[in-house]
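Dear colleague,

Please find below the structure that I am handing over to you. My notes on what was found in it follow directly after.

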Amino acid sequence: MDQSGAEEAAIHRHPPEHSSIPSGENSVWSDVSPLLEAACRELRDGELIHGDNFNLFAAMSALEIMDPKMDSGIVCKYYSIDEAVENGVAPVPISSDKTIDVQCTIDIMDHLLACEATWHNGHSLAQTVFSCIYLLRPDRTSSHAILHSYCRVIRATCKAVVSVVSDARTHEEEDLFTMAYGLPLHGDGDEKCLSMLNAVEETIYRQLRACKATSSKKRVSEDIEPLQHNLDLEEGFCKALLCRIRFPFFPCSYLYEKTSRKRLGAFGTCEDGVEERTTASGRAPIGFDASLNSRSSAPTPPRAIKILSWEKAVQYFLKLLHDLDIVCSYSLDPSLEGVLRFVVQFQKSKPDLIARAHLQLLLVQDGKLYGRDPIFAVITKAAALPEVTKNHDIQKNEYIVQLGQLVINMLKILCTNAAWQRRKLGKILQDWRVIYVQLEIAFRNEFGSVSSISDDENICVKIFKHILNWVEEQTYWIASRYLMLGFELDLYSPNEYCMVYWYMYVVLIKLAEKTHLRISVSSGTAKKKGKKKKDSSKEVAKESRIPLPVLFLQCHLCLAEGLSMMLAALRNELMVLQSPSPFNTEHERFIQHFELLQKACVPDNISYLSFKESTTYTRFSTLVMYNYFKNAQRIAKEIKSSFSDDPDRLAEVRRLEQVAEHNGVALNVICRVGALDPSLKRRRRPNQSQNSKLIFGRLFFGLSPDFLIPPNPSLSLSLSLHFSSRIL
Amino acid sequence: MEPNKEERQQQQEAAQKAEFDPSEIEYVIYGGEHHLPLIMNLVDQELSEPYSIFTYRYFVYLWPNLSFLAFHRGKCVGTVVCKMGEHRTTYRGYIAMLVVINSYRGRGIATELVTRSIKVMMESGCEEVTLEAEVTNKGALALYGRLGFIRAKRLFRYYLNGVDAFRLKLLFPIPEINPVLSMIAESDEIHTHDQIPQQECQELQQGS
């Protein structure tokens, strides 16, 4: 490089005219373009000048200056908010014509709502809500009561939402969400925003009454200045403003307006592309510029953000309000089992971040359930320990304290999105396993061998035993949730269903076992259980006394086993769903899918080998013999009546019953196909095998989602029909 | 003049299917700067995400042996760009970009390209191979599924367009237990009735 030229270039300084960052004491702005140009002349293709700590990887995150897609410092239109304001981008009042001013205010409100929904859906606050210049300069709007109060409420809402989400913070989903670098989230006097909004609402309501009275030629009781001067539009405008102001509190008013939107639309230009519009009128709002804030949206380069349409924004908020309503009306069930069921049920409707954050804050506060119940008391109840345990010194045991922390972590994780939830559940399985082992060791150290002490001898022994069993039960519950979420997230492909259902089956066996033990111990029948085992007549009597939660699990268990065995039989006898791959085998796929379960020994002594042992020789005759689906159906029928007061669980049992029934039918059909066309049982008849592959492939898609997600009866039916027509 | 609907359809069909025999496709390992514009054009053309030249150089300068190009009569019609290295406790390969131009898709070019890279990774001692694909990219998911990849994780709103991604993983067998060579021999048979995906591209997220 030409050294002197470069130096000369470097000395040649041009203070930038519009720099928003002033020079410091020891620094000055200088134009490096000549230096760069001189350097570039010396470089050939593929060469790079770099320091020791700058490698190719670092180069990858280089920003290309002056590329609008990457350079967040690039000036788009205005250098600063002030400059935009000076150029009349966000006038106050918006128009000197009051009618137009009201129209424009409504557009701004609509667009802000769309921006807020877009922010909630994962885009930066700076480039959505705070693209509104009125929001960025809180003082400017003070003469415009409606706009001013609405902006204050929006700012306050954003602040409140950021605070809820940051308090509930569990993972990176919130990082971008809560980032508010230098944005004026808090304006002086924002705490009074609700009373201001109330006053505005009151005024508009009076204006509405006044204009209604005028139109019906009644006497006007008060002397009220109208909202604007076009009397034909007065009522519509008043209503439009009222429902916007009231929306968060009375969503139905917004719905009302959706139906009367056409009338409002008449004032704007009616164009195509309603679904794209961010305002009800379809006009572009005044006073927004997303580029002004792009420097605040770091660390990611600015991105062109597509603001959600007004329709979608309203839909989003209606769903949010519905979800929040569920959270608010939840009865604070004191049992952990109830809490878990509620959270799992709530998550089925795929609530968004804000609703999930609220749920989490409701469940866990100050390390207590609902900020109310000490976690040890919750564990005591969940593990069916005697009441006295609540105040027992054992809660000071370090492992018991850790266990409490694990329960809290689990609750928090269950409130996150399904993808993240599954990853974290997989990881905490190990923690639960470790705490079990530590508790067991602590228990042994303190009390010696379990068998040498009778239960009554020491309350501590009892507590430890119960807790150990409960820790295991909870571990298997987490494992089953982990496996189930894999379906929801579409992580399994059809040729893996067999092993997934099989693993689910082995986990459910353990879960049912632990649950049964807990329930029978708590009802005092545990001791009798062993003695009566050989008495077959009493065995039947005992069968009928199997607790409901255990029967429920057994129903799941039969289905999982049945599905796994049916898939294995299909593979073994009809050679479908085999998946040879060039680089690895089913064994590696098994290791990968169940890695976290295996690491945590959930369950013990389960490996690919045990999977192969239980499925390699499965035939359709085995399935017919064991009647998995019929058993599942029978149990479902049996327990249905017990859930008559719980519609969610009743629906779940009904689904299980349906799935069992459909698969029972499917199994019969498959067996008959096999009998009618023995060639199907032989391998390598390409056409036949292709056909059966097609049929069975489709059949499975009907099976798997049925098991977890609301069933699709029409699909199942069409599959059966499709199937029968092939046989005929 | 704007072509009418029928003509447009015919043109599209012609564009969709290039006529060629698979044996005419020539596969070439990355050979230097002269290949770089070809790769960049292809990726820019077919993938939505714009990558800076630094991103391409990062990959092809450090792992030229893992990048391949497919040519048909001198025209570059597909490419794969990868890397490998330590990741936590494992040595893993990573498929960064895989592209085949639209009219050449569905004929096994992407499978061949990516298979070549994976073989090099395996020979270089990688224990596993990983990549991300959009959950909506059925073609890519099917392709990798046939190669033995599992969907290990779902990544919530991974791409800037808000779409989730799957992290796909391929675990190689531990050589002592399962001799790899015998399986590759077996695989030839499978490839003969391979069903080819419609779309075979997947994207790399910037800065990951």
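From the N terminus on, the elements of chain B follow the order α-β-α-α-β-β-β-α-β-α-β-β-α. That amounts to 6 helices and 7 strands in this chain. Please bear in mind throughout that this is a predicted model.

Chain B has 208 residues, and 39% of them count as buried. Among the contacts in chain B with a separation of 6 or more, 67% are made by residues 24 or more positions apart.

The sheet of chain B

The strands of chain B form an open sheet of 7 strands with mixed pairing, in the order S1-S2-S3-S4-S5-S7-S6. Its edges are strand S1 (25-29) and strand S6 (150-155) of chain B, each of which pairs on one side only. On average, and with direction ignored, neighbouring strands of this sheet are turned by 25 degrees against each other.

I went through several of the pairings individually. S1(B) and S2(B) are antiparallel and share 5 bridges; within this pairing, Ile25(B) has His72(B) in S2(B) as its bridge partner. S2(B) and S3(B) also run antiparallel and are joined by 5 bridges, with Phe68(B) standing opposite Val80(B) in S3(B). The hairpin of S2(B) and S3(B) has 2 residues between the strands, and Arg73(B) takes a positive phi near 45 degrees there. By contrast, strand S4 (residues 90-100) and strand S5 (residues 128-134) of chain B pair in the parallel sense, over 3 bridges. In S5(B), Val129(B) is the residue opposite Gly93(B).

Helix H4 (residues 109-123) of chain B packs on the sheet, where H4 touches S1, strand S2 (68-72), strand S3 (75-87), S4 and S5 of chain B. The direction of this helix makes about 30 degrees with that of S3(B).

Chain A

The secondary structure of chain A consists of 31 helices and 3 strands. Of its 728 residues, 35% count as buried. Residues 24 or more positions apart make up 74% of the contacts in chain A with a separation of 6 or more.

Two packed helices are described by the angle between their axes and the distance between the axes. For helix H20 (residues 497-522) and helix H26 (residues 608-615) of chain A, the angle is about 100 degrees and the axes are 11 Å apart. An angle from 65 to 115 degrees counts as roughly perpendicular, and H20(A) and H26(A) are therefore roughly perpendicular to each other. On the H20(A) side, Cys498(A), Met499(A) and Trp502(A) meet Phe611(A), Ser614(A) and Thr615(A) of H26(A). The residues of this contact comprise 4 nonpolar, 2 polar and no charged.

Where the two chains meet

How many residues of chain A are in contact with chain B? There are 32, and they meet 39 residues of chain B. Helix H3 (56-60), helix H18 (418-447) and helix H24 (586-593) of chain A each supply at least two residues of the side of chain A that touches chain B. H24(A) gives the most to that side, with 5 residues. By residue type, the side of chain A that touches chain B divides into 13 nonpolar, 10 polar and 9 charged residues.

With kind regards

Definitions and conventions:
Residues are numbered from 1 along each chain as its sequence is written. Chains are lettered from A and ligands numbered from 1 in the order in which they are written. This is a predicted model: local features need pLDDT of at least 70, side-chain atom pairs count only at pLDDT 80 or more; totals for chains, interfaces and linings use all residues. Two residues are in contact if their C-beta atoms, placed from the backbone, lie within 7 Å. Helices (H or I, at least four residues) and strands (E, at least two) are DSSP runs, numbered from the N terminus. Ala, Val, Leu, Ile, Met, Phe, Trp, Tyr, Cys and Pro count as nonpolar, Asp, Glu, Lys and Arg as charged, and the others, Gly among them, as polar. Two strands pair if DSSP finds at least two bridges between them. Axes are lines fitted to C-alpha atoms, for helices over the stretch in contact, and angles run from 0 to 180 degrees between N-to-C directions. Angles under 35 degrees count as roughly parallel, over 145 as roughly antiparallel, 65 to 115 as roughly perpendicular and the rest as oblique. A residue is buried if 20 or more other C-beta atoms lie within 10 Å of its own, exposed if 12 or fewer, and partly exposed in between; C-beta atoms are placed from the backbone.
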